[in-house]
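Subject: Structure for your review

Dear colleague,

Please find below the structure that I am handing over to you.

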Amino acid sequence: MKLRNPHLLTAAALMSALTISPALVAQDAASSDGEERDYQIQLPAPPEGEVTFQPPHERDLPDNQYGDMVRKGRDLFINTQSLRGKHVFNDQNCVNCHLDAGRLAHSAPMWAAFGVYPAYRGKNDKVNTLTDRMQGCFTYSMNGVPPEAGSEEIVALETYLHWLSTGAPINESLPGRSYPTLSEAEQEPDITRGAEVYAAQCAICHEDDGSGQQVGERWVFPPLWGDGAFNWGAGMHRVNTAANFIKANMPLGKPYSLTDQQAWDVAAFVNSHERPQDPRRRTMESLDETVDIYHNHMGFYGDEINGERLGEGDNYGENPTPSE
Amino acid sequence: MITISKVGGIALLLAAATPALAQQGDAERGGTSAVVCVACHQADGMGMNIPGGESWPRLAGMNADYLAKQLHDFKSGDRENMTMMPFANMLSDQQIADVAAYYAEMASWPELPTAYHAADPNKEGEWLAERGDWEDSTFIPACNQCHGPNGQGVGTTFPPLAGQHAGYIKNQLNAWREGTRHNDPNELMVGIAKRLSDEQVELIAEYYAELPESLAAADAQEQQEDAK
């Protein structure tokens with residue numbers, strides 16, 4: 001098994017102002033071919049320290065057009081499946097990875113994200129507005145087609161995020177942002193050990209085959225791999241991101257109950273399964289090229305697992321259209 | 001046939017994680033064994049709620065695997081209950097499967113709407129059920145996040161809450177908080193129960209007990225308004 005470490009990129013001015021976790025600093029720094037871009041550089045790790053920010057309560061939402069737009073955004077955030085077939089082409093909702101409707105600290109809360117954009121992201125090598133960032137979620141995590149800038153969907157979501165961030169400082173990384181960064185695994189994350197953790201702790205909700213569970217049309221427990229899951233371009237397919245999320249948030253109601261090693265291992269197990277193709281593959285010559293340019297990080301995309309090479313083929317799940 | 005007493009260490013662990021006990025039950029035979037259940041759970045399996053007094057749960061329409069697990073757990077003591085233990089002890093593994101099938105097939109659990117609707121932030125019970133209480137590190141997920149839309153249950157593991165008796169729901173939450181009930185798979189319920197306040201326990205119990213009726217009433221009102 002091969003796990004790539006995230007590259008170090010120094011270009012992001014933001015980084016110098018903020019604490020950088022050692023886990024993000026990789027040993028194999030720059031690529032030798034003169035290619036300076038690193039499509040995988042992430043925003044720096046959230047700062048340590050007590051979470052002090054508290055988003056407002058919905059009972060205090062005003063009864064006016066602004067309040068109505070917040071409610072609309074909240075509904076899209078919780079029930080993103082209402083955009084199924086239009087902007088969403090898998091079984092996910094925003095709230096799956098951002099618990100408590102995007103309010104919960106250490107669960108990538110929206111009030112901590114709102115103020116850090118615009119920000120440079122290595123993922124697309126440009127300064128991203130909040131709209132760009134949310135469109136990225138649609139493209140990858142929702143395996144979808146992003147709503148256009150200025151569309152009602154984007155306005156509603158941005159208004160919801162804006163309201164959640166009432167009183168939060170701008171351009172400052174707040175404690176509780178993103179997922180807490182685990183220190184590097186003591187033992188290399190292991191799929192086999194992860195399978196045991198999964199069977200014991202996760203399968204009861206997400207099923208042995210990772211397909212999740214639904215009641216009627218509603219997904220109660222989201223699929224973790226397969227066509228209903230996030231695609232190979234989503235941040236959650238990175239083993240480190242998934243491990244961080246899992247440690248602080250899973251099993252639901254039992255945060256921080258897994259050991260760090262268990263979180264690493266089960267993240268490796270979940271992310272060693274096939275899922276919808278990375279949409280950027282459409283514009284690439286080959287899987288190898290896609291791996292080289294976009295997948296220099298901790299993930300299994302392009303690796304051979306159980307005799308199959310992950311990311312081979314053109315299964316884009318339900319997504320019918322090429323992305324830009 | 002493999003019974004729970006015969007399986008080895010690893011299989012036992014699996015059995016603890018997955019409550020579905022692969023034993024085929026016969027509802028007709030179950031009816032014979034269930035004659036002793038009627039006094040409390042009633043002939044129609046609907047149980048009974050005596051406000052301020054005993055509350056015997058509705059069993060009719062519950063998932064058979066879930067019911068079977070509970071009976072096994074009464075025997076083993078994972079679910080401590082002075083009333084139920086002697087009855088469960090009288091049942092063989094086969095009889096447990098039969099009784100479970102009998103009640104599962106007796107009626108359907110009420111099917112409630114699954115469509116998304118926004119929780120009302122001014123209704124505390126509804127808010128807990130649909131949104132939870134995550135403030136101040138309480139980390140209480142919404143009940144429906146595991147028990148399904150409108151708390152109608154999910155699969156064999158997460159029992160329906162809507163339409164269950166208020167006293168029973170309250171007693172169970174308190175049993176977890178006090179430690180007398182510890183048969184939740186992977187301890188998924190105990191931690192949450194312990195982080196609930198007394199008031200929240202009451203709110204949740206009342207909300208779910210009344211939910212099928214309050215949904216029906218809201219639906220009727222809507223239809224009436226549409227007709228105007």
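Beyond its neighbours within four places in sequence, A:I246 is in contact with A:L258, A:A263, A:V266 and A:A267. Please note that this is a predicted model. A:I246 belongs to the largest nonpolar core, which has 73 residues, and is listed with A:V266 and A:A267 as having the most contacts inside that core. Another core, of 22 residues, lies apart from it; B:W127, B:L128, B:L173 and B:L196 are among its members.

One of those residues, B:L173, also takes part in a helix pair of chain B. Helix 9 (residues 166-178) of chain B packs against helix 11 (residues 198-227) of chain B at an angle of about 145°, and their axes are 8 Å apart. The crossing of these two helices of chain B is right-handed. From helix 9 of chain B, the contact draws on B:A166, B:I169, B:K170, B:L173 and B:N174; helix 11 of chain B contributes B:V201, B:E202, B:I204, B:A205, B:E206, B:Y208 and B:A209. Sorted by class, the residues of this contact are eight nonpolar, one polar and three charged.

Helix 2 (residues 65-78) and helix 6 (residues 152-164) of chain A pack with their axes 7 Å apart, at an angle of about 100°. Angles of 65 to 115 degrees count as roughly perpendicular, and helix 2 and helix 6 of chain A are therefore roughly perpendicular to each other. On the side of helix 2 of chain A, the residues involved are A:Y66, A:M69, A:V70, A:K72, A:G73, A:R74, A:L76 and A:F77, and they meet A:E153, A:V155, A:A156, A:L157, A:T159, A:Y160 and A:W163 of helix 6 of chain A. This contact comprises ten nonpolar, two polar and three charged residues.

As to the contact between the chains, chain A and chain B provide 25 residues each. On the side of chain B that touches chain A, helix 8 (144-147) and helix 10 (190-195) of chain B each supply at least two residues. The residues on that side of chain B are 13 nonpolar, eleven polar and one charged.

Finally, A:H206 lies in helix 7 (residues 191-206) of chain A. A:H206 counts as buried because it has 21 C-beta neighbours inside 10 Å. Setting aside neighbours within four places in sequence, A:H206 is in contact with A:G212, A:F221 and A:L224. A:H206 and A:H87 are separated by 119 residues in sequence and by 24 Å in space, C-alpha to C-alpha.

With kind regards

Note on methods: Residues are numbered from 1 along each chain as its sequence is written. Chains are lettered from A and ligands numbered from 1 in the order in which they are written. This is a predicted model: local features need pLDDT of at least 70, side-chain atom pairs count only at pLDDT 80 or more; totals for chains, interfaces and linings use all residues. Two residues are in contact if their C-beta atoms, placed from the backbone, lie within 7 Å. Helices (H or I, at least four residues) and strands (E, at least two) are DSSP runs, numbered from the N terminus. Ala, Val, Leu, Ile, Met, Phe, Trp, Tyr, Cys and Pro count as nonpolar, Asp, Glu, Lys and Arg as charged, and the others, Gly among them, as polar. A nonpolar core is a set of buried Ala, Val, Leu, Ile, Met, Phe, Trp, Tyr and Cys residues joined through C-beta atoms within 7 Å. A residue is buried if 20 or more other C-beta atoms lie within 10 Å of its own, exposed if 12 or fewer, and partly exposed in between; C-beta atoms are placed from the backbone. Axes are lines fitted to C-alpha atoms, for helices over the stretch in contact, and angles run from 0 to 180 degrees between N-to-C directions. A crossing is left-handed if the near helix is turned anticlockwise from the far one by less than a right angle, and right-handed if clockwise. Angles under 35 degrees count as roughly parallel, over 145 as roughly antiparallel, 65 to 115 as roughly perpendicular and the rest as oblique.
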